[in-house]
Amino acid sequence: MTERLVFDGDCGFCTTSATWLAREDRVQTVPWQFLDLESVGLTVDQVSTSVWWLVDDRPVEHSSRAIGRALLQRGAPWSWAGRVLLVPAVRPLGDAVYRLVARYRYRLPGGTPACRIR
């Protein structure tokens, strides 16, 4: 089973975050710009507004839940945060925080004006 996180490679904050997640080869990451979106069933609109978690090249989660899956793969101590993000009762809060970070990602460390959501 192949699992990977799809992120916006044009965004400095997203790239920095994905690079951190991929440290020690625990999480496979791929910028959406290097992915055949049609073959995995995603659109430019979907990948430019949210990260996606793919399992065997099928999208299964996005936004905070995709981050939760990636954190699970990252291992301890980060896997506990991933478990929390995947708890159904926590999802609304996780999604709200994700939307806030996504909206202002160009202002975060590593972010640039190119990070603005289209």
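First, the background. The model is predicted, so local features need pLDDT of at least 70 and side-chain atom pairs count only at pLDDT 80 or more, while totals for chains, interfaces and linings use all residues. Residues are numbered from 1 along each chain as its sequence is written, and side-chain values use heavy atoms, with hydrogens and water left out.

How many salt bridges does a search of the whole structure find? The search finds six. A salt bridge here is a side-chain nitrogen of Lys or Arg within 4 Å of a carboxyl oxygen of Asp or Glu.

Take E24 and R26. They form a salt bridge, and their closest N and O atoms are 3.4 Å apart. For exposure, buried means under 20% relative accessible area, exposed means over 50%, and partly exposed lies in between, using a 1.4 Å probe and protein chains only. E24 counts as exposed because its relative accessibility is 56%. R26 has a relative accessible area of 37%, so R26 is partly exposed.

Now to E61. Its side chain meets that of R65 in a salt bridge, at 3.4 Å from N to O. The E61 side chain also meets that of R69 in a salt bridge, here at 3.0 Å from N to O.

Are E61 and R65 buried or exposed? Both are buried. For E61 the relative accessible area is 12%, which is why E61 is called buried. R69 is at 28% relative accessibility and therefore counts as partly exposed.

Last, the network. Salt bridges link E61, R65, R69 and D95.
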